[in-house]
Every structure is written in C-alpha cells, then in structure tokens.
Amino acid sequence: MKRIRVDFLIVGAGLAGSVTGFLLKKAGADVLALELLDAKTKDKLCGGMLFETTPVQFAQVFGEGCMDTLRPVRIKHRDRYAGRERIREKDVFYALPRKRLDDYCLERYLQMGGMLQDRTTVRGIDDSTGVAECADLRTGETFEVEFGRIIGADGAMSAVRRLLTRRNQRVGIAMEGVVPPLSQDSVFEYLPREVGYSWYIPQGENAVAGCISYPGNAAICRKGMNSLCRGLQIEAPRSVRGAAIPMGGDILLEYGSRASFVGDAAGLIEGWSGAGIEQAVISARLLSESLLNGNSYTEAMKPQTDYIARLAQATKKSLFMYRFFIMRKGKPAKPFA
C-alpha cells in the first residue's frame, strides 16, 4: 500500500482546515489536506454572517487587504422572541456567501504550496504510530498517510473525532435555501415551543433563509423557515439543503498525543446564534501557533472555550425564561420593513 509522509495531516479543507494549513505552510511545514467532497463545487450550508471583530481575525491571517477581495456587505440585525422584536442598532454585522469565503481561504493555502487531495475519506487512524488509512473515492485506491500531527477540521460529524473517540458530538439539524433579497436587515426568529431559530440573511445580490432545530427535527426546520418567510412576505425557498450543526456544548480540542481539532469539528460554535466562522479562524490561528511554538493549544483557547461554556449556560436559563414566561405574554411583532 502506498504511504505518504507529512508533518501535518489536515482532514477537511473548509474554512478552519484551510486557514490552519495556510499558517502551517507559511511557516515551512509539510502539509497535506484531505477533503471528502469535490473542493471546487463544495458549498457549506451557512448564513455567512460575520461579527464586527471577524474581519480583524481574517486580517491577522491573510493581511489587511483580504476584506477588499472578500467584499462582505454591511447589514443591520433584528432578533425576534415570542412576538417581540429587538433591533441591534449598536452592533455591527457583515455577510457574504460562504462559498466565496471558503474558496478564498483554500486558494490561499494552495498558493502557499499546500497539498490537497479531495474526494478522499479517512477510514482508520492509529494514534500510537501516527498512521491514517485513507481511500480515494474517485479511483477506489487505498493508501496510508504517516503524520506527525493529525488535525480534525472536518465539520460537525467529524470522521477524525469519531474514529478516535468512538462517538460523535451532539448536533442539531439545519436547513437553508436561497431567497429573493428583501432588505439589508437580517432577522433571527426564535421558535415558539421549540429549541431553535430561523434566519433571513442578505448577502448582497442574494439572500438565504433557514432554520435550525436542537437536538434535531427536519419537520420543525421546514416549518420554522416557512413561517419566517411568510412573516417577511417572501417566497420560501423551493430547494433546501440540510446539515448537522454543533450544539455548542461538546468541545474537544485535543485527543491523545497526536490529534487536534478546530472549528465545527472541535464543537466551537455559539449555540444561541449558530455563529462559528470567527471561532474557526481563532482556533486555526491558535492551534498553528501552538504547533509551531510549542505552546499549549488548550490553554491558548481557554478564553474562547470559557466564553462558549458561559454562553451555553446563559442560553439554557434564557430558554427557560422564554418558554415559560415571555412566550405567554408576547405581543405580535411589528411587520418587517
């Protein structure tokens, strides 16, 4: 069986994997990224919403001019809870198509000289010897990769995480589709009697509408998305995609002596909003620094993991108050304009 030897094997060539690979390759490391899907056509389900601080994180990785290339649009944001609406006027948000973002990061990794093999899956990992058994889905060929470190960047249903720990993290189900652009205001509407939320997010020429259900119910997703579209007086998407989304309370940064995790694979997501783009970039940057400088990745990430844990606790308390008190006293929201 053919065997490849690399310093770092990254499983998943999405946002977190590409940023990690770019930084490691920039430092001169030997890096191979494996991707289950076709790298040119893959398009992750994601609203593409960025917080005010997210462009700063990208600038730390790719330089100040990266946002000129990515061209995010500035948007306003509204939250709706049980018929009550809050406009977040003081907060700054941006949005862009997720595929544009992922393609940019992957291209920068490849320009730096990183290796990529897509349509490839990992079937087994021997953490003690540092060998992964892989299969090319195009040819059916199996091969081995000998690595110094393996990095799980392969999403909520991470194969690396499952193969090493023998379990998946807790996830919810999300659905999303393209809708006509209505305005430059995004809307999050939290579901009545269910744990989840729907969203409408403009991305420039297009917009997306979707819904997430925790712990996971496709019928609730479809119902919540259609309800939001009716309230906004837009046609619900005819074609939708589904995906697993981390619940935000099952974080795993390192396992054994050779494995690390970033982004969704690590469970790094803000459960109340589904936001994970900034956490993906931060974890990729801090992991790369720790691998190159010998620092502790877990310690470097502690402010982030503590924040997510506090947010998860606050969300549980808020849901209790929302479901048993606010929902019963809510008034209809004003029409969206």
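**Reading a predicted model, feature by feature**

Tutor: Let us begin with Arg 119, which counts as partly exposed because its relative accessibility is 28%. Buried means under 20% relative accessible area, exposed over 50%, and partly exposed in between (1.4 Å probe, protein chains only). The model is predicted, so local features need pLDDT of at least 70 and side-chain atom pairs count only at pLDDT 80 or more, while totals for chains, interfaces and linings use all residues. Residues are numbered from 1 along each chain as its sequence is written, and side-chain values use heavy atoms, with hydrogens and water left out.

Student: Where does Arg 119 lie?

Tutor: Arg 119 lies in the loop between β7 (115-118) and β8. Helices (H or I, at least four residues) and strands (E, at least two) are DSSP runs, numbered from the N terminus.

Student: What should be noted about the phi of Arg 119?

Tutor: Most residues other than glycine have a negative phi. Arg 119 is not a glycine, yet it has a positive phi of about 50°. Arg 166, also a residue other than glycine, has a positive phi near 70°. Arg 166 is found in the loop between α5 (159-165) and β11 (171-179), and its relative accessibility of 68% makes it exposed.

Student: Is strand β8 largely enclosed or largely open?

Tutor: Strand β8 (residues 120-126) is largely enclosed by the rest of the structure, because 5 of its 7 residues are buried.

Student: With which strand does β8 pair, and in which sense?

Tutor: Two strands pair if DSSP finds at least two bridges between them. Here β8 pairs with strand β9 (residues 131-136) in the antiparallel sense, over 6 bridges. Thr 120 stands opposite Asp 136 in β9. The hairpin of β8 and β9 has 4 residues between the strands, and in it Gly 130 takes a positive phi near 75°.

Student: Which residues does Glu 141 touch?

Tutor: Contact means heavy atoms within 4.5 Å. Residues up to four places away in sequence are not counted; on that basis Glu 141 touches Lys 2, Cys 134, Ala 135 and Asp 136. Glu 141 is placed in the loop between β9 and β10 (142-152), and at 35% relative accessibility it is partly exposed. Although Glu 141 and Thr 120 are 21 residues apart along the chain, their C-alpha atoms are separated by 9.7 Å.

Student: How do helices α1 and α7 pack?

Tutor: Axes are lines fitted to C-alpha atoms, for helices over the stretch in contact, and angles run from 0 to 180 degrees between N-to-C directions. The axes of α1 (residues 15-26) and α7 come within 8 Å and cross at roughly 30°. The two helices are therefore roughly parallel to each other; angles under 35 degrees count as roughly parallel, over 145 as roughly antiparallel, 65 to 115 as roughly perpendicular and the rest as oblique. The α1 residues in this contact include Leu 15 and Val 19, and those of α7 include Ala 284 and Leu 291.

Student: At what angle does α2 pack against α7?

Tutor: Helix α2 (residues 54-62) packs against α7 (residues 277-293) at an angle of about 30°, with the axes 9 Å apart. This makes α2 roughly parallel to α7. Among the residues making the contact are Phe 58 and Val 61 of α2, and Val 281 and Ile 282 of α7.
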